[in-house]
Amino acid sequence: MEDKLQLLYNSYIENGLLSSQTTFEQFSQASPDVIQSLYQTGVDGKVVSSQTDFETFSSSFLKKKEPSQPIVEEEVMVS
């Protein structure tokens, strides 16, 4: 299943709010100022509900955290 950000990207493209030359990678790495602009454009273009607040919208852009690597402790052997 596609994630929220991919669905949002597709909606912006399909509704002509974003150029198809903009890659998903560029879209997903938008700066906070661009995210604010995308939000307002989406609300104005009725791609994003006016009941969706900016915080909820921008949370789609948060990078998924990589699973943390386990800490490996090395044993030091003294002879």
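The paragraphs below lead through a predicted model, from its overall layout to its core and then to individual residues.

Residues are numbered from 1 along each chain as its sequence is written. Because the model is predicted, local features need pLDDT of at least 70, side-chain atom pairs count only at pLDDT 80 or more, and totals for chains, interfaces and linings use all residues; side-chain values use heavy atoms, with hydrogens and water left out. The term pLDDT denotes the predictor's confidence in each residue, from 0 to 100. For this protein the average pLDDT is 85, and 76% of the residues score at least 70. Over residues 64–69 the pLDDT stays under 50, and there the model has one contact beyond four places in sequence, a contact being heavy atoms within 4.5 Å. Where pLDDT is low, the predicted coordinates should not be read in detail.

The protein has four helices and zero strands, giving the pattern α-α-α-α along the sequence. Helices (H or I, at least four residues) and strands (E, at least two) are DSSP runs, numbered from the N terminus. Of the 79 residues, 20% count as buried; buried means under 20% relative accessible area, exposed over 50%, and partly exposed in between, with a 1.4 Å probe and protein chains only. Among contacts between residues at least 6 apart in sequence, 42% join residues at least 24 apart.

Just after α1, G16 adopts a positive phi of about 70°.

The largest nonpolar core contains 13 residues, and those with the most contacts inside it are L8, Y12, F27, L38, F57 and F61. A nonpolar core is defined as a set of buried Ala, Val, Leu, Ile, Met, Phe, Trp, Tyr and Cys residues joined through side-chain atoms within 4.5 Å. The elements that give two or more residues to this core are α1 (4–14) and α3 (32–44), and α1 supplies the largest share, four residues. In soluble globular proteins, nonpolar side chains tend to be buried together. When residues up to four places away in sequence are not counted, L38 touches Y12, L18, F27, A30, F57 and F61.

Aromatic rings form a further theme. Rings of Phe, Tyr and Trp (its six-membered ring) pair if their centres lie within 6.5 Å; planes under 30 degrees apart count as stacked, over 60 as edge-to-face and the rest as tilted. By this rule there are seven aromatic pairs. One of these is the tilted pair of Y12 and F27, at 6.0 Å centre to centre with 55° between the planes. Since Y12 lies in helix α1 and F27 in helix α2 (residues 24–28), this pair ties together parts that are 15 residues apart in sequence. Y12 counts as buried at 0% relative accessibility, and F27 counts as buried at 2%. A tilted pair is also formed by Y39 and F57, at 5.3 Å centre to centre with 55° between the planes. This pair links distant parts of the chain, with Y39 in helix α3 and F57 in helix α4, 18 residues apart. Both Y39 and F57 are buried. Ring pairs join Y9, Y12, F24, F27, Y39, F54, F57 and F61 into a cluster.

Several individual residues complete the account. S58 is placed in helix α4 (residues 54–59) and counts as buried at 18% relative accessibility. Its side chain reaches the backbone oxygen of E55 at 3.2 Å. S11 is located in helix α1 and is partly exposed, with a relative accessible area of 26%. S11 and V47 are 36 residues apart in sequence, yet 6.8 Å apart in space, C-alpha to C-alpha. K46 is found in the loop between α3 and α4 and counts as exposed at 72% relative accessibility. Although K46 is not a glycine, K46 has a positive phi of about 60°. Most residues other than glycine have a negative phi, and most peptide bonds are trans.

Methods: A polar contact is a pair of N or O atoms within 3.5 Å; within protein, one must be able to donate a hydrogen and the other to accept it, and residues adjacent in sequence count only if both atoms are side-chain atoms.
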